[in-house]
Amino acid sequence: MPRKTVVTNWIHPEILEMLEEVGPVAANTTRQPWSREEIISHTADADAMIAFMTDHVDAAFLAECPNLKLISCALKGADNFDVEACRRAEVAISIVPDLLTAPTAELAIGLTIALGRNILLGDRSIRSSGFAGWRPDLYATGLDGSTVGIIGMGAVGQAIAHRLKGFRCQIAYSDAKRLGPATEDILGIVQRDLATLLKTSDYVILAAPLTDSTRGMINAETLALMKPDAFLINPARGSLVDEVAIADALESGRLGGYAADVFPCEDWAIRDRPDQIEPRLLAHPATVLTPHIGSAVDRVRRDIAHTAAADVVKFVRGEPMVGTLFDPRFQPVGPKAA
């Protein structure tokens, strides 16, 4: 019997053709995400689902989709997906672990430079008042000679550090796990505890995963440790920060600027998440905000969709998937191991 696959957001047409080789496909061909209700209506009789950042799967969702056997996430992480609920329902779940690293690191550097060099303010100045020539204005903080602190030194953190090496800045990192002297030497970085990193950095870049221990790690208390003219950049996960505390720090002069590509309102699995970006961040001149475009490189998004689709094909054919988080065909479904 053909296996039906649901694709909840737009992907390249050639990827849809690849999926159609193993069964019928119900695909969102618009650039706007389907609502939860629309997804459930398409997935109620589906075997597989390719999911994206805009989607949220929990036990209630799975109960509405009893035929579902696989959720292939076109994502690096599964923050919006209840993996334990999938385990209990014997629904396999996979991710795309590697392809988002390089473009996310690249955007992190772009946000850092845009914020520290007043690029948006300069652009607005020209558009609003014209350009009459050089003026002694918009003096900024360059990366050359600055200290950059990276919180989280997984794949993305290391990719950011690697790209920063050419800017002749001092790079420190904070992570519960030390990389080791050899890797630190290659990347040109030193480990610091979080408090020291915050106190000594001109730029702080977040590259940590979203967990119970990292949620809200940048708050009024930790912001108070930072230099008054320091910059905070968040290309990682929105709920790592308290946006209200950041707005307060900007308004009081306790923070030099904030750049973000991710926002707490996107973290669907958190019940008490805000329903919008903190309005004061939108209005403040010392912010640079982008609409979650960390992986928005065309060839990268094609490769991500291809990898997620390939896992669907492998699953249908009874083969091991590349990005497995849980697969009841090859893993026990009993209580989670300690």
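Let's start with two neighbouring strands: strand 7 (residues 170-174) and strand 8 pair in the parallel sense over three bridges. Strands here are DSSP runs of E with at least two residues, numbered from the N terminus, and two of them pair if DSSP finds at least two bridges between them. One such link joins A172 to its bridge partner V190 in strand 8. The model is predicted, so local features need pLDDT of at least 70 and side-chain atom pairs count only at pLDDT 80 or more, while totals for chains, interfaces and linings use all residues. Residues are numbered from 1 along each chain as its sequence is written, and side-chain values use heavy atoms, with hydrogens and water left out.

Next, look at two helices (DSSP runs of H or I, at least four residues). The axes of helix 1 (residues 13-20) and helix 13 (residues 298-316) come within 10 Å and cross at roughly 5°; axes are lines fitted to C-alpha atoms, for helices over the stretch in contact, and angles run from 0 to 180 degrees between N-to-C directions. That makes helix 1 roughly parallel to helix 13, a label for angles under 35 degrees. Where do they meet? E14, I15, M18 and L19 in helix 1 meet R302, A305, H306, A309, A310, V312 and V313 in helix 13, with contact meaning heavy atoms within 4.5 Å.

Technical notes. Angles under 35 degrees count as roughly parallel, over 145 as roughly antiparallel, 65 to 115 as roughly perpendicular and the rest as oblique.
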